[in-house]
Amino acid sequence: MERPFMTWETVIGLEIHVQLNTKSKIFSGASTAFGAEPNAHASVVECALPGVLPVMNREVVEKAIKLGLALNAQINRKNVFDRKNYFYPDLPKGYQISQLALPIIEHGKLDIVVGDEVKTINVTRAHMEEDAGKSVHEGLDGATGIDLNRAGTPLLEVVSEPELRSAAEAVAYAKALHGLVTWLDICDGNMAEGSFRIDANVSVRPKGQAEFGTRREIKNLNSFRFLEQAIHYEAEAQIEILEDGGKVQQATMLFDPEKGETRVMRLKEDAHDYRYFPDPDLLPVMISDGQLQKAKDGMPELPSEMAQRFVAEYGVSEYDARLLTAGRVQAAFFETAAQACGQGKLAANWMNGELAAMLNKEGLSLAESPIGALRLAELVGKIADGTLSSKLAKKAFEAMWAEPEAGIAEIIEKHGLQQMTDTGAIEAMVDEVLAANAKAVEQFKAGNDKALNAIVGQVMKASKGKANPAQVQDLIKAKIG
C-alpha cells in the first residue's frame, strides 16, 4: 500500500525515577546499599509483616525540597502519602506508598540545550515514593526469585510536560536533570545500578494538529543511548502503523537493546485503576518556614548561576560555560585550572577541545584523566607566555598524556618543544623562504591573503613548528612591505 505524504511530529514526556542517596530507606531503617545478597536489606517493613508501621525518613523530604528549589518550583507545604494498590510478587504489601493529589513539587522548570538552542521544559510534578522489589529470573532454572533489597528505597518521580519534540530533546532533558540531581548531591546518578531510570511516553501526530496521538510508554530505560534509540524506533513504528491505515494501541513497551527495538509488554485501553487512598499509617508531612529557609541557606551555587559567573569572571563564552557546568567534576576542574594559570578562556578551550576529544577517544571520564587540572594549567601557562606555539602545545599535550608523572618543563626539555625565540634565526629562515617562493610573494603583494598563509606555513615547516607564527607573519609583512 502506497503511503500518503505527511509530516509527522513526535510528542514525548518523560517520567524519571530519581533514587535518593540516603543511607536508609524511606519508611524504615534498613540499608539502601547496592549489591548485597538477595533480601539482606529487607526489613520487617518491606516484608509487610503484620503489625509493623512505616516511619518517614526526614532526609528524603530535605532532598526533595532541594530539587524543588533548583527547579524554581512550587513546594507544597502539606504532603500526604497515598497507597497505590496493585498486586505483584515483588510488592509484599499489595500496595506502594506514593503521593497522588498532594506531591511535594509542582510547576517547575528546567532549561535544556539542543545545539545552539536553549529551551525551557515545564516539570509537571515530582513526588516521593518507595521503590518496589525486583523479580530475578537469571540462573534459577526457569524459576523466579524475589529480591526485596530495593523495596522501600526512596524515589522522587519527576514528571515532565509532553513538550519534548525529538529524541535529541528528550536526551538533553534527561541529561540536564541527571546533571542537576548529582550536582545537588541528592542522587549518585548511577544508571547501571538503577539510580536514575527513565520511562518515555511517546506519541506521534500530523504536524500542526493540536490534539495528541495515542501514546505508548517505554519502561525502565537505564542509559541515554537506549533512550534515544527507543524513541527513534517507537516513533517510526507508530508512523508506519498510521500511514498503513492502522491505529496505534495504547500500550506499555519494553526496549530490547540487542535488537534496538521496542516490543509490547502489555496492552491497555485506559490507565490502571490503582484505587488510591490516603495511607492511614502516615500523618501528613508539614514543611515549616524554618525547614524551607534552612534548605535555601544550604543550597549550592546552581549550574546556571555558576555558568553566568564563569562568563563574567573568566571571559569564557556562554556555550563553553554551559559545557563547563554540566557537572560538578567539570566545573571544579575548570575553576582549579583557570585560577592556577590565570587564563580562563584558554583553559576552557583546551578542556572542551583537546582534553574532551582525548577522553572520548579513550573512553575515560574527566575524573580518570591522566592530565589533571593543575597539569593542564601548566600547559596553558606555557602557551600564554609564548614558550609553546599551538602546534607544539598539541605535541606537549600528547606527551603529557603518555607520561602522567612528568611535569611540563620536563616534557618540553625531553621532547625539544621549546619555541624559537632567536629573532635572527627566524629572520634567516624567512629570507630563505621568501627567496624560494617569489610567485607567492607576488600573489600576496597583489592582495591574495592565502599566499601569506602559504609562506608562513613554509617557514613553520623549516623551523619544525618551533617558530612563533605571529612573529613569522610580522617579519614576512615587514620584509615584503
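This is a predicted model: local features need pLDDT of at least 70, side-chain atom pairs count only at pLDDT 80 or more; totals for chains, interfaces and linings use all residues.
Helix 10 has 13 residues, which at 1.5 Å a residue should span 18 Å; its end C-alpha atoms lie 19 Å apart, so the two values agree.

**Buried side of helix 10**
- Leu-392, Ala-393, Ala-396, Phe-397, Ala-399, Met-400 and Trp-401 are the buried residues of helix 10.
- These buried residues pack against helix 8, helix 9 (373-384) and helix 11 (408-415).

**Packing of helix 8 on helix 10**
- Two packed helices are described by the angle between their axes and by the distance between those axes.
- For helix 8 (residues 344-362) and helix 10 (residues 390-402), the angle is about 40° and the axes are 12 Å apart.
- That angle makes helix 8 oblique to helix 10, and the crossing is right-handed.
- Helix 8 brings Trp-350, Glu-354, Leu-355, Met-358, Leu-359 and Glu-362 to the contact, while helix 10 brings Ala-393, Lys-394, Phe-397 and Trp-401.
- Sorted by class, this contact holds seven nonpolar residues, three charged ones and no polar ones.
- Ala-393, Phe-397 and Trp-401 of helix 10 take part in the contact and are also among the buried residues.

**Leu-364 in the loop**
- Leu-364 sits in the loop between helix 8 and helix 9.
- With a relative accessible area of 32%, Leu-364 is partly exposed, because that value falls between the 20% and 50% cut-offs.
- Leaving out residues up to four places away in sequence, Leu-364 touches Leu-359, Pro-370 and Trp-401.
- Leu-148 is 216 residues from Leu-364 along the chain, and their C-alpha atoms are separated by 34 Å.

Definitions and conventions
Residues are numbered from 1 along each chain as its sequence is written. Side-chain values use heavy atoms; hydrogens and water are left out. Axes are lines fitted to C-alpha atoms, for helices over the stretch in contact, and angles run from 0 to 180 degrees between N-to-C directions. Helices (H or I, at least four residues) and strands (E, at least two) are DSSP runs, numbered from the N terminus. Angles under 35 degrees count as roughly parallel, over 145 as roughly antiparallel, 65 to 115 as roughly perpendicular and the rest as oblique. A crossing is left-handed if the near helix is turned anticlockwise from the far one by less than a right angle, and right-handed if clockwise. Contact means heavy atoms within 4.5 Å. Ala, Val, Leu, Ile, Met, Phe, Trp, Tyr, Cys and Pro count as nonpolar, Asp, Glu, Lys and Arg as charged, and the others, Gly among them, as polar. The expected span of a helix is 1.5 Å times one less than its number of residues. Buried means under 20% relative accessible area, exposed over 50%, partly exposed in between (1.4 Å probe, protein chains only).
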